[in-house]
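Subject: Handover of a structure and its findings

Dear colleague,

Please find below the structure that I am handing over to you. I would ask you to keep it open while you read the notes that follow.

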Amino acid sequence: MTMSKDTKGKKMKREQSLVDSIVGERAVEVSTCGLLYRQAKVFHASLGVFLDYKLCQWSSNRLPDEEEEKKDSIWDRTHERNSKYLCKKFIGLEGLWVKLGQYLSSRADVMPPSYLEALSKCQVPLGVDSGCDEMTTPTSIGTWDSALI
């Protein structure tokens with residue numbers, strides 16, 4: 001049993017209209033070029049930070065052990081520079097990257113102070129466009145018990 005082209009076309013249009021009604025008019029078409037561009041941006045940012053730290057490590061290893069203050073200064077400047085750069089990149093990439101910035105800014109036990117300060121900018125609400133007209137609250141859907149049933 002084969003379907004004619006006309007029947008297949010009608011079926012595809014019905015399926016597309018169903019998807020459009022579920023997703024809504026604000027559906028974003030994700031293109032391969034857009035994904036590749038975003039991946040390239042992430043790779044570029046991570047490679048830049050990695051190479052900057054490798055250069056810092058090389059510079060500090062060349063100094064004699066007696067110059068600890070100068071070594072600390074080199075590392076502090078590198079942390080400062082990269083924290084500002086990553087904060088800018090996280091905000092530019094949006095979404096999960098902002099969440100990563102928020103998480104890292106709350107980890108004082110792992111991150112240097114300059115990262116905590118710079119990434120705290122990710123904690124500020126950044127004009128989110130979620131596509132929702134109103135927020136769902138317990139009062140708008142009834143009680144929590146009835147919403148979970």
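A nonpolar core is a set of buried Ala, Val, Leu, Ile, Met, Phe, Trp, Tyr and Cys residues joined through side-chain atoms within 4.5 Å. Buried means under 20% relative accessible area, exposed means over 50%, and partly exposed lies in between (1.4 Å probe, protein chains only).

The model is a predicted one, in which local features need pLDDT of at least 70 and side-chain atom pairs count only at pLDDT 80 or more, while totals for chains, interfaces and linings use all residues. Residues are numbered from 1 along each chain as its sequence is written, and side-chain values use heavy atoms, with hydrogens and water left out.

**Overall fold**

The chain has seven helices and zero strands; helices (H or I, at least four residues) and strands (E, at least two) are DSSP runs, numbered from the N terminus. Of its 149 residues, 19% count as buried.

**The core**

The largest nonpolar core has eleven residues: Val 49, Tyr 53, Leu 86, Cys 87, Phe 90, Val 98, Met 111, Tyr 115, Leu 116, Leu 119 and Cys 122. At least two residues of this core come from each of α2, α3 (68–93) and α5 (113–119). Leaving aside residues up to four places away in sequence, Leu 116 touches Leu 104, Ser 105, Arg 107, Ala 108 and Met 111, where contact means heavy atoms within 4.5 Å.

In helix α4 (residues 96–105), the buried residues are Val 98, Gly 101, Gln 102 and Ser 105. Seen down the axis of α4, these buried residues fall within an arc of 100 degrees, so they line one face of the helix; the arc is that of the directions from the helix axis to the C-beta atoms. Their cover includes α3 and α5. The face of α4 turned away from the buried side carries the exposed residues Leu 96 and Lys 99.

Glu 94 lies in the loop between α3 and α4. Its phi is near 60 degrees, a positive value in a residue other than glycine. Glu 94 counts as exposed because its relative accessibility is 51%.

**A partly exposed residue**

Is Leu 47 buried or partly exposed? Leu 47, which lies in helix α2 (residues 32–62), has a relative accessible area of 35% and is therefore partly exposed.

Yours sincerely,
A colleague
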